[in-house]
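Q: Can you walk me through this one? I'd like the overall picture, then some local details.

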Amino acid sequence: MRVTSFNVENFFARAKALNEHTWAAGRPILEAHAELNVLLGHPIYGPADKARMLVLLEALGLLKSDSAEMAVLRQVRGRLLKRPRSGGVEVIAGGRGAWVGWVDLTTEPVTEAAVANTARVINDLAPDILGVVEAENRVVLKHFTDAQLRDGAAVRYPHVMLIDGNDDRGIDVAILTKEGWPLGTVRSHVDDIDGSGVIFGRDCPEYEVRTPGGHRLVVLLNHLKSKGYGSQADNNERRRRQAQRVADIYRRIRKDGVSYVVVLGDFNDTPSSAPLAPLMDATDLRDVSEHTGFDDGGRPGTFGTCTAANRIDYILLSSALFAKVTGGGIFRMGAWGGKNGSLWPHYDTVTTATDAASDHAAIYADIRLT
């Protein structure tokens, strides 16, 4: 059995702000978008809320028009703003119940070469179970698998599932499994809360998978809070809360008698970081990269230049499953690799950074179940 985790950076469309050439250019857009949508959800818009909304709308280019290069204001019913010709834009809605609408980030298509290289990575690895991070939606994912992931005339992954999560940028987590590896019970944690509010920025779905040999596995997919925008302290605390909740879910699954559990995805932090400690240190989960048969290609990381500081993608296994690992590795053939793309071998079809399947490498585990 081969299990793989791969952050594909969306298949066909991606928010323009996420595609900016430098993070410094895209970060203010993402921050303004996130903060504004929180304010728009308030039941009552006080004077301070309205003043801040105008500042954020200006940062997004939406003061004078509902459409801008990076964002769109959707006013479906009722109005948020009044835009007099004489000037002086005003927030006229008194609260969330006074209008129906939101702000979306505009998207642009991913290059055909990048899509083809994403498929090439998956086809070459040929996992039995694939955890996908940053997929737009199930329909897009199904179209992609049916068209690009095939064994001759047969679809390689007939079982495709994605539950829309909490991220309004359209980056969710999903699972693909081969014929003979059907999905069973599915459980979402999109509404899980703790004392600080909603826990997961996407979701932590549980997928039950049955193997051809009759074994039962439960797979937990994750995309934890990034370090990308917002305050570092807030990001770290959100990631810690998420790691704690994943650990609690894992313990409950094990208590329910499931021996074979996989926790995988993009955790957006390093193994020894404090935010990941509830998951990495306070459970019996084992990191596949600790196995003697794991090949990291001389670089421990999975993102960017793949240094140790960029080791953020994981496959964690319950002790019973780790005992059956035969090997694993990090697969970088679809990734560019540094400024000139020369840090490791890659496909000849990856001729520029924009042609890369992703700026993440895929990570995989090989497991012998008898």
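**Overall fold and selected residues**

A: The protein's secondary structure consists of seven helices and 23 strands. Keep in mind that this is a predicted model.

Q: What radius of gyration does the protein have, against what a compact globule would have?
A: The protein has 22 Å. A compact globule of 370 residues would be near 21 Å, so the two agree.

Q: And what does the C-alpha trace span along its principal axes?
A: About 75 × 50 × 40 Å.

Q: How much of the protein counts as buried?
A: Of its 370 residues, 50% are buried. The exposed surface comes to about 15900 Å², and carbon and sulfur atoms supply 52% of that.

Q: What share of the contacts with a separation of 6 or more comes from residues 24 or more positions apart?
A: Such residues account for 71% of those contacts in the protein.

Q: Charges, then. How many positive and negative ones, and how far apart are their mean positions?
A: There are 43 positive and 46 negative charges, and their mean positions are 3 Å apart.

Q: On to rings. How many aromatic pairs turn up in the whole structure?
A: A search of the whole structure gives two. In one of them, the ring centres of Phe267 and Tyr314 are 4.7 Å apart with the planes at 15°, so this pair is stacked.

Q: Where do Phe267 and Tyr314 sit in the chain?
A: Phe267 is in the loop between strand 18 (260-266) and helix 6 (277-280), while Tyr314 belongs to strand 21 (residues 313-317). The two are 47 residues apart, and the pair links distant parts of the chain.

Q: Are Phe267 and Tyr314 buried or exposed?
A: Both Phe267 and Tyr314 are buried.

Q: What about the pair of Phe331 and Tyr347?
A: Phe331 and Tyr347 form a tilted pair, at 6.4 Å from centre to centre and with 55° between the planes. Phe331 is in strand 22 (residues 325-331) and Tyr347 is in the loop between strand 22 and strand 23, so the pair ties together parts 16 residues apart in sequence.

Q: What are the relative accessible areas there, for Phe331 and for Tyr347?
A: Phe331 has 19%, and because the cut-off for buried is under 20%, Phe331 counts as buried. Tyr347 has 3% and is buried too.

Q: Back to the loop between strand 18 and helix 6. What is phi of Asn268?
A: Near 60°, a positive value in a residue other than glycine. Asn268 lies in that loop between strand 18 and helix 6, and with a relative accessible area of 12% Asn268 is buried.

Q: And phi of Ala126?
A: Ala126 also has a positive phi, near 50°, and is a residue other than glycine. Its place is the loop between helix 3 (112-125) and strand 8 (129-135). At 22% relative accessibility, Ala126 counts as partly exposed.

Q: Last topic, Arg368. Where is Arg368, and is Arg368 buried or exposed?
A: Arg368 is in the segment after strand 23 (362-367). Its relative accessibility is 55%, so Arg368 counts as exposed.

Q: Which residues does Arg368 touch?
A: Leaving aside residues up to four places away in sequence, Arg368 touches Lys324 and Thr326.

Q: How far apart are Arg368 and Arg2?
A: In sequence, 366 residues; in space, 8.8 Å from C-alpha to C-alpha.

Note on methods
Residues are numbered from 1 along each chain as its sequence is written. This is a predicted model: local features need pLDDT of at least 70, side-chain atom pairs count only at pLDDT 80 or more; totals for chains, interfaces and linings use all residues. Side-chain values use heavy atoms; hydrogens and water are left out. Helices (H or I, at least four residues) and strands (E, at least two) are DSSP runs, numbered from the N terminus. The radius of gyration is taken over C-alpha atoms; the globule rule is 2.2 Å times the number of residues to the power 0.38. Buried means under 20% relative accessible area, exposed over 50%, partly exposed in between (1.4 Å probe, protein chains only). Contact means heavy atoms within 4.5 Å. Accessible areas come from the Shrake-Rupley method with a 1.4 Å probe; for residues, only the protein chains shown count as cover. Lys and Arg count as positive and Asp and Glu as negative; His and the chain ends are not counted. The place of a charge is taken as NZ of Lys, CZ of Arg, CG of Asp or CD of Glu. Rings of Phe, Tyr and Trp (its six-membered ring) pair if their centres lie within 6.5 Å; planes under 30 degrees apart count as stacked, over 60 as edge-to-face and the rest as tilted.
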